[in-house]
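Open the model in your viewer and keep the selection panel at hand. The tour goes stop by stop.

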Amino acid sequence: MTTSSFDKYLMADHRACDQQLGALRKQAGAGDWAAARSSSQALQHDVLAHFAAEEDVLFPAFEASTGMRGGPTQVMRMEHEEARLLLEDLLAAVFGQDADGVRGHGEALLILLQQHNMKEENILYPTALAYAGSSAPELTAQIIQRREAV
Ligand SMILES: [Fe+2]
Ligand SMILES: [Fe+2]
């Protein structure tokens, strides 16, 4: 991905994960379990890597530059934890070929991520970008490196 700053990069990543989740739900709905298994593993990898880039790089930078340690980033970390648990439930349902489970956990994960991503995109990313100032390119490079680490 070639983007100018981390907010655009992470927003594009949100969209890509939404699309992966959508594809997975369709595949499971159609009973294509081989495709659904592979999609679910790709989704889990990408969501966990996205969370790692935020938790290991972006949130510490946000906390250091704004001085806010117990606020927005703490809420975001808690929501990541909820999403990790839902992802595990979703993968268990996919590997168990449990169509109802995939529907339920997939819907719950979709709603959680939509609300979470909206808060990041509307509040946390713009604030982090404003506080980063001239160090934004360096922060962007570190975020991309963490996101794309295997
Ligand atoms: Fe996040
Ligand atoms: Fe995010």
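**Stop one: helix H3**

Select H3 and pick out its buried residues: Thr73, Met76, His80, Ala83, Leu86, Leu87, Leu90, Ala93 and Val94. Bear in mind that this is a predicted model.

Which helices do the buried residues of H3 pack against? Show helix H1 (6-29), helix H2 (33-66) and H4 alongside; these are the partners.

Now take the span of H3. The helix holds 24 residues and runs 35 Å from its first C-alpha to its last. At 1.5 Å a residue, 34 Å is expected, so the two values are close.

**Stop two: Gln97**

Step just past the end of H3 to Gln97. This residue belongs to the loop between helix H3 (72-95) and helix H4 (99-132). Check its backbone: phi of Gln97 is near 50°, a positive value in a residue other than glycine. Most residues other than glycine have a negative phi.

**Stop three: the whole chain**

Zoom out and colour by secondary structure. The protein has five helices and zero strands. Along the sequence the pattern reads α-α-α-α-α. The radius of gyration is 16 Å, close to the 15 Å from the globule rule for 150 residues, so the protein is as compact as a globular protein of that length.

Colour by burial next: 31% of the 150 residues count as buried.

Among contacts with a separation of 6 or more, 66% join residues 24 or more positions apart.

Notes: Residues numbered from 1 in each chain as written. Chains lettered and ligands numbered in written order. Predicted model: local features only at pLDDT ≥ 70, side-chain atom pairs only at ≥ 80, totals over all residues. Helix = DSSP H or I, 4+ residues; strand = E, 2+ residues; numbered from the N terminus. Rg over C-alpha atoms; globule rule 2.2 N^0.38 Å. Buried ≥ 20, exposed ≤ 12 C-beta atoms within 10 Å, placed from the backbone. Contact = placed C-beta atoms within 7 Å.
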